[in-house]
Amino acid sequence: MAGTMNNPEGGELRIGIAGLGTVGVGVLRLLSDNAAELAARAPKGLRVTAVSARDANRDRGVDLSPFAFEPDAATLARREDVDVLIEVIGGTTGAGADAVIEALRAGKVVVTANKALVAERGAELARLIEQHGGALYYEAAVAGGIPAIKGLREGLAGNRIVSVAGILNGTCNFILTKMKDEKRAFDDVLAQAQALGYAEADPSFDVDGVDAAHKLAILSAVAFGGVPDFSAIELEGIRGVRLEDIEMAEDFGFSLKLLGVAKPRAAGGGVRQYVAPVLVPQSNPIAGVYDSFNAVVVRGEPVDEIMMRGRGAGEGPTASAVVADLIDAARGINPPLFGTLNAAAATGGGAAQAEAAAGEAVEGAAERRFWRLLVDDRPGVIAEVSQVLSDRALSVEKIVQQDADGSRAHIFILTHAAQRTQADEVAAALARLNCMIEPPAVYAVEAL
Ligand code: NAP
Ligand code: HSE
């Protein structure tokens, strides 16, 4: 493909940008700041012709006067002078989604950072591409500036993927890092992440793990085939994480991170996908990924382990990924949407994957776990707790008690590898003890 669908000669790419927030403005700045490099990489030219946002008059710190302004993003997508739609509004429905669908119906090229849309409506987008011959690029949707999609889909195309995992939400990594380093409260750090432009419009998407799950669904589809299956992801965010968990985890030799992990199940087929706060050994390179940085770790046969680390959010890094996709479009590079399949097969693949997952037991591999119990500080409590573990054959690797506030204590326990059902039974039995002030907090240890 030398050009785009309505630009068959492969001439200048005329671009419409839907959304002029953090990412949209970042793209405009990058196109201007790196114009010379981009001209060399896309010699026939990249030209923004029109833009869309809600407010036509807001000062965004960039000159919008050369571009037509369309108040309606779907109208922007249909414009004759738009070959490529850059959609950076967001959302699974509404203006951003409508514009993407309009552009694909017209057989145009779409570049998007909208992981929610790709993760939750990927099958529908694939069908539109198959029907109308357009193309969709979504590097910016996963891990911001890290070329995770290209790395996995193109760079590792020769491998059998064993697992894909990562720190996929910059806001959560920033919060966990600042809580640890500055002993600050969760809400205080979240406000800072929002001010820095990392957080989603609705920051509960970040802290509840939804944003990471969107990215994991996409990565998993690229790694293992099929379409993104967001509904199959086991999901837990970081609202329940306390500073004492982070600090004791460090004392035990681990870092507490919000990870997204996808790997084939040990038995029963299908891919287990989960997002959760977990402990990773400090010796693992991912434990050293701090602040808003993201990392994607891929294990493949025969490549072994690859870790890509970089900025997963913010204006510049996300614009970097959007513009890389634009260059791909200009160069005529257009791989199958999720790497292995055409649209029809991808749709079928997704259904088959969902069916397999639905029929499987929830058991994965046995895992070590880290427990935090808040208990009355009185004689016999350790014995009661130990009895529960012993009755259910859950073996203790390490245990520490720490005063909480004079009358109550924290008990932190690291347990040996056990299946989830066994751990769930222990958690339920512990919660029934009179000495327990609140249900136990439990984190898996992810060896990666
Ligand atoms: P943002 O700063 O909130 O900007 C959203 C833009 O969309 C604003 O310019 C807004 O217009 C415009 N918009 C909203 N509703 C609209 C409508 N009905 N019609 C036309 N325009 C409308 O969002 P962002 O952070 O740039 O994120 C955009 C997308 O990129 C999202 O899908 C997000 O998940 C994804 N993403 C963001 C990052 C990041 O670091 N921020 C990283 C990776 C991916 P007004 O300005 O006039 O209100
Ligand atoms: N809110 C997201 C994050 C932006 O914090 O990682 C990048 O997708």
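How many nonpolar, polar and charged residues does the shell around ligand 1 have?

## The shell around ligand 1

By class, this shell has nine nonpolar, nine polar and six charged residues, where Ala, Val, Leu, Ile, Met, Phe, Trp, Tyr, Cys and Pro count as nonpolar, Asp, Glu, Lys and Arg as charged, and the others, Gly among them, as polar. Of the 24 residues around ligand 1, each with a heavy atom within 4 Å of it, Leu20, Asp55, Arg60, Glu200 and Gly314 come nearest.

## Basis of the model

This is a predicted model, in which local features need pLDDT of at least 70 and side-chain atom pairs count only at pLDDT 80 or more, while totals for chains, interfaces and linings use all residues. Residues are numbered from 1 along each chain as its sequence is written, chains are lettered from A and ligands numbered from 1 in the order in which they are written, and side-chain values use heavy atoms, with hydrogens and water left out.

## Polar contacts

Polar contacts (pairs of N or O atoms within 3.5 Å) include one between an oxygen atom of ligand 1 and a polar backbone atom of Thr22, at 3.0 Å. An oxygen atom of ligand 1 also lies 3.1 Å from an N or O atom in the side chain of Arg58, and a nitrogen atom of ligand 1 is 3.4 Å from a polar backbone atom of Gly197. The protein covers 84% of the 900 Å² of accessible area that ligand 1 has on its own, by the Shrake-Rupley method with a 1.4 Å probe.

Key
A polar contact is a pair of N or O atoms within 3.5 Å; within protein, one must be able to donate a hydrogen and the other to accept it, and residues adjacent in sequence count only if both atoms are side-chain atoms.
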